[in-house]
Amino acid sequence: MRRMFVFLILGFLIGMSVQYTTAIPKEMPFKARIYVGWEEGYLESTLMSESTWLVVKWSKDWNMPAFGFNSPERAWMASHLTWYTNDINEGFFGYDEDSLVYWGDPDIVPEAKYCVEEYVKIMILDETEKYEEKGAFKASDLGYPFPENAYVVHYTVEVYNATTNSLLFEYTLVPLSP
């Protein structure tokens, strides 16, 4: 199960073609410790412009750029991605260039079959045993250059009917941290 998850995430991240050097734009509001906007505004890369809405928050101890190098233990970052798709079987739950639906206005629901929401929390840990027992894994397995002591401590994907907003299924790969 863990390998399947890593495979899915790696496929998702490789598809995004993110480069470490362009991960965070210089105009990022570091003191606010939050980014709300289109994925390409944060990562400067996306499969389709204005198709994925992103909210990223980080603790005051999380060192920027995004990956948290030299951050103290218990520093964290969390992200919430939302995208629309007509085929959840393509890419990572529909996150695929051919199945993403152009959104353009975050206040208007686009015409699509599915809405996918993804929640991820990454934390800097020195003692990892109790987290690994619950399924936590190294954040670097996601394909980004996180430090060795950065761990994914929560990961959930929810898929909704985009028309009725009813939850079709939820999959938690890593439960909430201990």
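Let's start at Trp 83, which contacts (heavy atoms within 4.5 Å) Ser 51, Thr 52, Phe 92, Phe 93, Gly 94, Tyr 95, Leu 100, Tyr 114, Cys 115, Val 116 and Glu 118, leaving aside residues up to four places away in sequence. A word on the source: this is a predicted model, where local features need pLDDT of at least 70 and side-chain atom pairs count only at pLDDT 80 or more, while totals for chains, interfaces and linings use all residues. Residues are numbered from 1 along each chain as its sequence is written, and side-chain values use heavy atoms, with hydrogens and water left out.

So where does Trp 83 belong? Together with Tyr 42, Trp 62, Ile 122, Phe 146, Val 152 and Tyr 155, Trp 83 touches the most other members of the largest nonpolar core, which has 35 residues. By nonpolar core I mean a set of buried Ala, Val, Leu, Ile, Met, Phe, Trp, Tyr and Cys residues joined through side-chain atoms within 4.5 Å. Buried is under 20% relative accessible area, exposed is over 50%, and partly exposed lies in between, with a 1.4 Å probe and protein chains only. At least two core residues come from each of helix H2 (39-43) and strands E2 (52-58), E3 (76-85), E4 (114-124), E6 and E7 (167-174). E6 gives the most, five residues. There is also a second, separate core of eight residues, Val 101, Trp 103, Ala 112 and Ala 162 among them.

Those element names are DSSP runs numbered from the N terminus, with helices (H or I) of at least four residues and strands (E) of at least two. The chain has three helices and seven strands, in the order α-β-α-β-β-β-α-β-β-β.

Now look at E3. Seven of its ten residues are buried, so E3 is largely enclosed by the rest of the structure. Strands pair if DSSP finds at least two bridges between them. E3 pairs antiparallel with E2 over seven bridges, and Lys 57 stands opposite Ala 78 there. E3 also pairs antiparallel with E4, over ten bridges, with Leu 81 partnered by Glu 118.

Glu 148 sits in the loop between E5 (137-138) and E6 (150-161), and Lys 138 in E5, ten residues away. Glu 148 is exposed at 52%, whereas Lys 138 is partly exposed at 27%.
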